[in-house]
Every structure is written in C-alpha cells, then in structure tokens.
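Subject: Handing over the structure, with notes

Dear colleague,

I am passing this structure on to you, together with some notes on what was found in it. Please have it open as you read.

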Amino acid sequence: MLVIFLAGLACLLLAGMSALVIGKRLRLATWVAVVGVIAGSTLSLVAALQILLGQPAVSARFTWSMPLGNLVIGIDGLSAFFLLPISALSALGAIYGTGYFASHGTSKSSGLPWACYLGLVASMAVVVTAQNALLFILAWETMTLASFFLVIFEHRKTAVRQAGWIYLVATHCGTAFLLVMFLLLGKHAGSLDFDQLAAATPLTGQLAGLLFVFAVIGFGTKAGFIPLHVWLPEAHPVAPSHVSALMSGVMIKTGIYGLIRTLGFLGAPEAWWGILLLGIGLSSGILGVLFALAQHDLKRLLAYHSVENIGIITLGLGAGVLGVALDSAPLAVLGFAGCLWHVLNHALFKGLLFLAAGSVIHATGSAEIDRSGGLSKTMPWTATCFLVGALAISGLPPLNGFASEFLIYYSSLAADLRSTVLDNTLLVIIMGGLALIGGLAAACFTKAFGMVFLGLPRDRLPGVPHEAPFSMLAPMGVLAVSCLAVGLLAPLLLNVLALPVLVCVGGTIEMVSLTLGIVRQPLAAITVTSAVLLSLIGALLFWRQRMLARRVVNSAVTWDCGYDRPSARMQYSGSSFAAPLIKLFGFVLGSRTEYSPITGLFPAASHLATHTPDLYQERLYRPLFMSIARLLKQVRRLQHGKLQVYVLYIVISLLALLLWEMR
Amino acid sequence: MKMLLESLLLALILSNLVLLGSTRVRNYVKVIALQGFILGLLTLLLHLGALSIHTLLLSGGSILLKSLVFPWLLIRAIREADVHASVEPFVGYNASLIIGVLLLPFCFWLASRLPAQLMPTMASSLPIALFTMASGLFLIVARKKALTQVVGYLVLENGIYVSALALVGEIPWIVELGVLLDIFVAVFVMGIALYQINREFDHIYTDQLSSLKG
C-alpha cells in the first residue's frame, strides 16, 4: 500500500523535475507534467481507497540526520480520507490547466509553473501522510512556497504581487505559531514522531489549552478562519483558476487536517475548545457568506465562500470536539463525520465552481459580475456545471453539500447531553447558524448564477463569449457528476467515514459505525424524496418541450420596466439584488457607497458605486502593520550601508560578550 | 633565545603602532610585509628544538606568502586602481595612536583574565596577539578606503595566528595550510573587487557604497 503511495509521490516529483528541465519546449513540458500528475494521483488514490475500504493502516520508518525522531511516513484512515480530494482535484486541475500556463504565461517557459504545481500536489500529499513533526513542517512550507509562486504566476501585474505578499506574510505568521507548538510538544514528549507525541504523558490543562490556541491560530491562518482569512480573498482571485480550485478546494483543508491531527496529541479535549471552535465556525460562516454577497468579482466571491465553508467545517469540528469533551457519542461521531465529509464535498463543488469561473473569465476576459450576463446561451455546458456547483454549495438536496451539512445538523439533534442549559443552547446555535449560512449562500449564488448566466450581457466585454474547450469542460463535467453522485449515494457512502472518524474520536469501529448508522435512514428519506422530485421536474420539462415542439414559440422581453426601448443596462444588477441583505447587515460589513444624487427636473449624469473592503484588513491588519513598520523604521538607522560601522557593531558585540563572560 | 622571542614580539607591537599612526598606503603594505616576516621567524624560533620539514615549509610558505606575495598583490592593486597615497582616516592619526596606546594595557588586562591554558614558551604572547587583533579591527573600522580594510583584515589574521601559537603551540599543519589558502583567496578576491569598484565608481571609498543600498 505504502509502496504504491510512495511510487505516486515519486511520479509527481520526477515529472515536476522533468517539466522544469524541458520547460522551454512548452507542449512537451505540459504533457510530461499532466501525465505525471495523473499517474501520481491515481496511485495515491488507489492507496487511499485501499486503506479506507478496510486494509490496516501502514507506515514506514526511515532514519535521517535530523534531531528528535525519524522520517516516518504513513497512511491511516484520516490521511487516506484527505488524500481523496487531493488526488482527485489535482489531476482534474492539471487537465484543465493544460491550455492555461502555455497561453497566459508572461515568460517563455511553462516549466516553472508546472514544477510548482506538481510540487504543490506532492507536498500536500506529504503533509497529510507525514508522521513526524519536522517532516510535516518541511512539507507544509514547501506547500506554502509552491502555492505562493503559483499565485504570483502573472507577476507583471502590481495587484498580483501585492496579493502574493499578503499571502506569504499571513501564512508565515501562522507557521511561526506551528513551530512553537511543535517544539513545545516535542520537548514534552522527547520526540517529534507523531506516535510518540500521541503516546506521551498527558499535558497539564493550561499547557494543553495554550497549545490548542496556537494550533488554532497556526492552522487557522491556512484554513482561513475569520479574522485570519485576509489572504484568501486576495490570493484566490489573482491565481490561475485551476490553481485557485486546488488551493481553495484542498490546500486550505490541510489546515483542518493539521488541527484534527494535533487534537490527537493534546489529550482529552476540554469543553471550551469545542465552544471556541463553534464560535470561530459561526463567525467565519456568517461573515464569509455576507462578504461574499457584497463582492462584485466572481472569483473574490468564491474566495469568500471558501471562508464560509471552512466555517461550516469548523462548526462540525467544534461539535465533534464538544461531543468528545462532554462524552456524547452521537455529537462527537456525527460532528466529526460532517466536518470530514464537508471537506471532501467542498473540494468537489468549490473546485467545480472555480473551474467554471475560470471558463467564464477565459471566454469573456472579465470576472466582474455586473458587467456579464446571458452566458447560458453561449456557454450552456459551463452554465450547467456552475448551476450544479451552486446548488451543491447552497446545501440543497439531493446534492453532496446537503449531505454533509445534514450530518452536522443531525449531530446536534441527536446529541444526548445531560441537559445543562448552556450545552443545549450551543446545539440550537449550531442549527440556527447553519440555517442562516445556508440561506445566505443560496441568496449569494442566486445572485452569482443569475447575473452571470441569465439575462442579457450588461456591458461590452473584452472577449467574445464562447464555450470552453473540451480540456476545460471535461474536468468540470467529472466534478459536476461527482457532486450529484456523492449526494445521491450519500446514505451508502456513510461507511467510508467510519475509519477517519475513528481516528478523531477513538473508541471502537463498531461504536462509530453504529452511531453513523442512526443518520442513514433520515438522510436516505430526504435524498430519495428530493431525487424523485427532481426527476418529476425533469419529466415535466421534457413533457413541456414535447408539447411545444409542434407549436410556434415567440420570445419576448420579460420585463421592460415600462420603457419603450429598454437596454441591457437597465437589467437588475448583482448589486441591486444583494442590496437589501447588505443593508440589513451593514453594521458588520461596513460597505461604502459613492453616490451623486439626482437633483432637479433635468438631472445631469449621475453615478453610484458600492465597495465592500475587507473589514479586518482595513481596521485591524493595516493599522497594526503600519505601526509595526513605523516602529521598525527606527531600526533602519542602524543599517545605513557603512561597512566600517557594521564591523564596529561586530567588534562591540564580541567585546561585550567577552566581558560578560569574564564578569 | 627568550630574548630573541621577546624582541620579535616587541617588534610586532611596534609595527602595529606604526600602522595606526601611518599616513601613507604604501607604508601599510611595507608594515604588512614586515609582520609576515616576523611571524615566519616566530614559528621557526618556536620549533628550533625539533626542526622538521613541515615546520620549515610552513614558516617558509608563511614568509613567502605574507611578506612577498600579498604585498606584491597589494602594490599592484594600488597601482592599477590608482589609489591616492593618503589612507584617509575617520579617526585622526594622533587619536588613533592614543587609542592604540590605551588598547595595549587593556589587552594585557584581558589576557590576564582569560582562563586559557598557555604554552609555557609563548606565555607572554597572548596579550600581543590580542593587541594585534584589536589593531586590525580598529583599522577596518576607522579607515575609509577599501584597501586599508584589506590591510586591517590581514593584521587581524596575523593576530589570530599568534594567539594560536600561544594557545596550542603547534596547529595541525592542514589547518594552517587551510588558513593560509583562505587569506590568499581573500586578498586575491579583494584585489579584484577593489579594481572593479574603482573602475565602476572612479574611487574606492567604501563609505560611498551606502548609495547602493535600497
């Protein structure tokens, strides 16, 4: 098993190196890279599936010259589960990207971007299989750097470089916390191997709590917890679309993986850990979707939805941790199961949505929602795929997004807590929060799909809309079908979750399977009902088409506002659609409106513009970093470029040390 | 024998003071040559009892390199880069001399406090080694030209060499060869760098390198 996985890893690395070497020959490099990704992903997918279907967990131990532990790499239930989206989405993204790096490149070589892509895939695979903290951190940083270079792919643009810097700084601040956390853990356990960390004597309550907070900050920066999310809405829009799909679909989930893995080292969780995670999940979910509603850029909107979905995943995680802490098996098992399953589902539908958004941008040359429109006529397949993704992300049955959210709902319904008021309030908050998030997400995707694909084009766009080529449509099709399939087969697929959940909650596999079983019947009922409803609607549509086939069909303007000659600019716009909700939540969004009011009977030209900057970046990080920069400017006086004085610094410090030693 | 040793060490101190007070770049090169010669003699003198091929080679090589090759390289660099004769100090000559005179007792005090196991034959040389290092560092810090910094670096190395003699007596010769090669390369590279800096900027004032920083 492990051999298969390692062979896949070797495939990825080898193909990456080769692509780098032969980068000048664009087509060959692309072929080598894509074949490498597909081979590597297939191999690791096979290895992961074997583990998930019941083979025992495997690990291999090599000695290396690093201190505190060995090079340990292995696959258990949790790793295998995270390998699924990583493998699937990276292969599909690579196929999608075949045309991208060659046509959009600013340099002559497509070797470097491909090498980074393969490096990103390989490092993500190592992150979820590393069983030594040092190896984990190395893979983690490789992942960061590879994705950074992919984000700044179009580095000639100032905005892209700016976004790249924000990403790099944010993620390194997070890694600093991780380093401290792992060092403290390693010092306590005497080794950095994960099995030693897990087997070490339990930490004291305060230290465990501190380490937990460090883990939340460190991993949360990568995952995009509010208020650590600032890099997401900057980096995702500027990266190539299949890279955004990979980063948003799976890379940010490595943060969730790390958090779950770390929970295993901290001993028995306390209730406040779960409550903290629930709070983070709620705020990320609600604020994420609200900010998404207020965006005008399609990819930025999707980036905020990643924050929202990370919020949902964290809600599940919080429920699971709370369940373990309060000793409630249904809450723990179903919470973790919902969390993990939403990780997979989000990878599928968010990958799909980013790829579809990429097709739109590829075709029209613009990501601005309020300028586009009517694309469903020119790009029917892309529109269908986007619609499937939009339905899934809004959590509507029978698609996959519903299934995982239903698990989280059900975890709080089925929780058998010894009814203290606070605990039950928490459960209600989980359900209420999820419902609010789901409703707002549906509103947001009504806006996105309606404005981009329905109606008429609102503005003259840089490109002529046309359907995407097959290499871009095929991955989207696969993802759309998987969204539907995973949703419809959800009751049957529950068993796959048993092993990964077992890693999270402990106990026996029978107990976990049994607890997972209680959700099967209600889930099946809803799925079947909605599937029947869906096929009924399909049948009706088909019937309508049959009926209309023999008659003359006229098309007319839907609604012309009473104008004699309506223009496309008079259509309902995305901003106006979202305005009531934005106004309602204005106190948390801080949207700005520029408006020159219409006065007089014969008014001059007027304009209206709304802008919703990220509140945390504007109010928290910008002032913070500005004041740090001001402070550090004082230090620059020391660095003035005079060689003699630099040597003087060295002499003085050496002398001071010598005198200190001779005290 | 002891007499000879001590007069050599005394010559080293005086040469350092000459460096600190000297106003001409060419004087620097001469003093460097002299110091290299003194060091070679010192090595030879210490092993007079048990003379071996390796000692001979080492002291010969040291004299050859430090008192002939380096000065020749430096003189060449002065000629090619058309270096102005003055050393152009940040700290004046008289002040430099006074600082040197103050450094000397400080180094003696420092050496007395250092918990070092000294070779009996070279017990008195540790403070002088320290003083040589201090003078080298002072030259690097207090003189403007890149060339004077090369000289300061060489003096610093000489100090380290003497302190090694004082502390260990006999350094494994592979280490000594390594150090010699190191200095040789350093001087060589600095010579080239000097020439290039001069060609690009028409002077070799290191304080103006600061205009390069971002």
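Is Asp327(A) buried or exposed? The model is a predicted one, and in it Asp327(A) is exposed, because 12 other C-beta atoms lie within 10 Å and a residue with 12 or fewer counts as exposed. Asp327(A) sits in the loop between helix 14 (298-325) and helix 15 of chain A, and although Asp327(A) is not a glycine, its phi is positive, at about 65 degrees.

Next come the helix pairs. Two packed helices are described by the angle between their axes and the distance between the axes. In chain A, the axes of helix 7 (residues 158-189) and helix 9 come within 8 Å and cross at roughly 150 degrees, and since an angle over 145 degrees counts as roughly antiparallel, helix 7 of chain A and helix 9 of chain A are therefore roughly antiparallel to each other. Their crossing is left-handed. Helix 7 of chain A contributes residues including Ala170(A), Cys173(A), Phe177(A) and Met181(A) to the contact, while those from helix 9 of chain A include Leu211(A), Phe214(A), Ile217(A) and Lys222(A). By class, the residues of this contact are twelve nonpolar, five polar and one charged.

A second pair in chain A is formed by helix 3 (residues 77-96) and helix 11 (residues 241-251), whose axes come within 9 Å and cross at roughly 170 degrees, which means that helix 3 of chain A is roughly antiparallel to helix 11 of chain A. On the side of helix 3 of chain A the contact involves Pro85(A), Ile86(A), Leu89(A), Ser90(A), Gly93(A) and Tyr96(A), and on the side of helix 11 of chain A it involves His242(A), Ala245(A), Leu246(A), Gly249(A) and Val250(A). These divide into seven nonpolar, four polar and no charged residues.

Turning to chain B, its secondary structure comes to seven helices and zero strands. Of the 214 residues in chain B, 39% are buried, and among the contacts in this chain between residues at least 6 apart in sequence, 76% join residues at least 24 apart. Helix 5 (residues 125-142) and helix 6 (residues 146-168) of chain B have axes that come within 7 Å and cross at roughly 165 degrees, so helix 5 of chain B is roughly antiparallel to helix 6 of chain B. Helix 5 of chain B passes helix 6 of chain B in a left-handed crossing, and the residues of their contact comprise 16 nonpolar, ten polar and no charged.

Which residues have the most contacts inside the largest nonpolar core? They are Ala33(A), Leu118(A) and Leu352(A), in a core of 210 residues, to which helix 15 (residues 329-364) of chain A gives the most, with 22 residues. If its neighbours within four places in sequence are left aside, Leu118(A) is in contact with Leu12(A), Ala15(A), Gly16(A), Ala19(A), Ala33(A), Gly36(A) and Val37(A). Apart from this core lies another, of 48 residues, among them Leu103(B), Leu147(B), Tyr161(B) and Leu165(B).

Val3(A) has its place in helix 1 (residues 2-21) of chain A and is exposed, with 11 other C-beta atoms within 10 Å; from Val3(A) to Pro500(A) the separation is 497 residues in sequence and 21 Å in space, C-alpha to C-alpha. Val528(A), in helix 24 (residues 520-548) of chain A, is partly exposed, with 14 other C-beta atoms within 10 Å. Between Val528(A) and Phe336(A) there are 192 residues of separation in sequence and 24 Å in space, again C-alpha to C-alpha.

With best wishes

Terms used: Residues are numbered from 1 along each chain as its sequence is written. Chains are lettered from A and ligands numbered from 1 in the order in which they are written. This is a predicted model: local features need pLDDT of at least 70, side-chain atom pairs count only at pLDDT 80 or more; totals for chains, interfaces and linings use all residues. Axes are lines fitted to C-alpha atoms, for helices over the stretch in contact, and angles run from 0 to 180 degrees between N-to-C directions. Helices (H or I, at least four residues) and strands (E, at least two) are DSSP runs, numbered from the N terminus. Angles under 35 degrees count as roughly parallel, over 145 as roughly antiparallel, 65 to 115 as roughly perpendicular and the rest as oblique. A crossing is left-handed if the near helix is turned anticlockwise from the far one by less than a right angle, and right-handed if clockwise. Ala, Val, Leu, Ile, Met, Phe, Trp, Tyr, Cys and Pro count as nonpolar, Asp, Glu, Lys and Arg as charged, and the others, Gly among them, as polar. A nonpolar core is a set of buried Ala, Val, Leu, Ile, Met, Phe, Trp, Tyr and Cys residues joined through C-beta atoms within 7 Å. A residue is buried if 20 or more other C-beta atoms lie within 10 Å of its own, exposed if 12 or fewer, and partly exposed in between; C-beta atoms are placed from the backbone. Two residues are in contact if their C-beta atoms, placed from the backbone, lie within 7 Å.
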